Amino acid sequence: MITDKQLIEGYRTGRREMLGPLVERYQDDLYRFCRHLTLNALDAEDLFQEVWVRVIRKLDRYDPERSFKAWLFQVTLNMHRDSYRKWKKIYGRLAGEDSCRVPWVELRDGAPLTEEQLLRNERNAYLEKGLRKLPKRYLGPLVLFYYEEFSYEEIGEMLGIPTGTVKSRLNQSKKLLQKTVEPWREEY
């Protein structure tokens, strides 16, 4: 199997066909990560596309000694953080500074057929609600650790924070999420 390093080097030397396999290798992971960060399918698609455009433009800056996936996710985090800041400024001007929160977007999974699906959708809605309430500094480490399975060290490197801070933010995010999910647990 051809490595990321070989694909990137091939692309850098003018072999455009090497880009396709690289994108295919990471498209599912990257889209899932975008979806977890944005909590919205349309925003996730936009971020996904914007990230690949940026990555292709900046591929010459990639350090081949580093994991490509970690670099790709770091680019994604940075772009998401930048777009969130821009959105927050615009929304703040329109709605007043007290209203600078991400708006709640309802889940639109269609009508569940079974009671089990209803319960799962309701649990997911509580979880998504909790994720929306998390400050961005907690959301990134949580998604990177639990959904993308990066190590504490890799997350620290991506976010530019010490490993201890990563652990602390993960612990705090779990506590904050638990408060949100607790009403659902009490009901069922």
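Predicted model: local features only at pLDDT ≥ 70, side-chain atom pairs only at ≥ 80, totals over all residues.
**Entry 1**

A helix here is a DSSP run of H or I at least four residues long, and helices are numbered from the N terminus. With that settled, I looked up Lys58 and found that Lys58 lies in helix H3.

**Entry 1: Lys58**

Buried or exposed, or something in between? I got 29% relative accessibility for Lys58, so Lys58 counts as partly exposed, because that label covers values between 20% and 50%. I also checked Lys58 against Val75, which sits 17 residues away in sequence. From C-alpha to C-alpha, Lys58 and Val75 are 9.9 Å apart in space.

**Entry 2: the whole chain**

I stepped back and counted elements: the protein chain has eight helices and zero strands. The protein chain has 188 residues, and buried residues make up 37% of them. I then looked at contacts with a separation of 6 or more, and 58% of these are between residues 24 or more positions apart.

**Entry 3: how confident is the predictor?**

The protein chain averages a pLDDT of 79, and 75% of the residues score at least 70. For residues 89–113, though, the pLDDT is below 50. That stretch still has 29 contacts in the model beyond near neighbours in sequence.

**Entry 4: helix H2 and its bend**

Where does helix H2 bend? I followed residues 19–38 and found a bend of about 50 degrees at Gln27. Next I went through the buried residues of H2, including Leu22, Val23, Tyr26, Leu30, Phe33 and Leu37. Asp29 and His36 are on the buried list as well.

H2 is followed by Leu39, which is placed in the loop between H2 and helix H3 (41–58). Leu39 has a positive phi, near 60 degrees, and Leu39 is not a glycine. Is Leu39 buried or exposed? Its relative accessible area is 8%, so I put Leu39 down as buried, the cut-off being under 20%.

**Entry 5: H2 against H6**

The axes of H2 and H6 come within 10 Å and cross at roughly 150 degrees. I noted the crossing of H2 and H6 as right-handed. Which residues meet here? On the H2 side I listed Arg32, Phe33, His36 and Leu37, and on the H6 side Lys136, Leu139, Val143, Leu144 and Tyr147. I sorted the residues of this contact into six nonpolar, one polar and two charged.

**Entry 6: H6 against H7**

Helix H6 (residues 136–147) and helix H7 (residues 152–159) pack at an angle of about 145 degrees, and their axes are 10 Å apart. H6 passes H7 in a right-handed crossing. From H6, I found Pro141, Leu144 and Phe145 meeting Tyr152, Ile155, Met158 and Leu159 of H7. This contact divides into seven nonpolar residues, no polar and no charged. I spotted Leu144 in the contact with H7 and also in the contact with H2.

**Entry 7: Glu149**

Last stop: the loop between H6 and H7, where Glu149 is found. Glu149 has a positive phi of about 60 degrees although it is not a glycine.

Key: Residues numbered from 1 in each chain as written. Heavy atoms only, no water. Bend = angle between axes of the 7 residues up to and from the residue. Helix = DSSP H or I, 4+ residues; strand = E, 2+ residues; numbered from the N terminus. Buried < 20%, exposed > 50% of the residue type's maximum accessible area, 1.4 Å probe, protein only. Axes fitted to C-alpha atoms, helices over the stretch in contact; angles between N-to-C directions. Left-handed = near helix turned anticlockwise from the far one by under 90°. Contact = heavy atoms within 4.5 Å. Nonpolar A, V, L, I, M, F, W, Y, C, P; charged D, E, K, R; others polar. pLDDT = per-residue confidence, 0-100.
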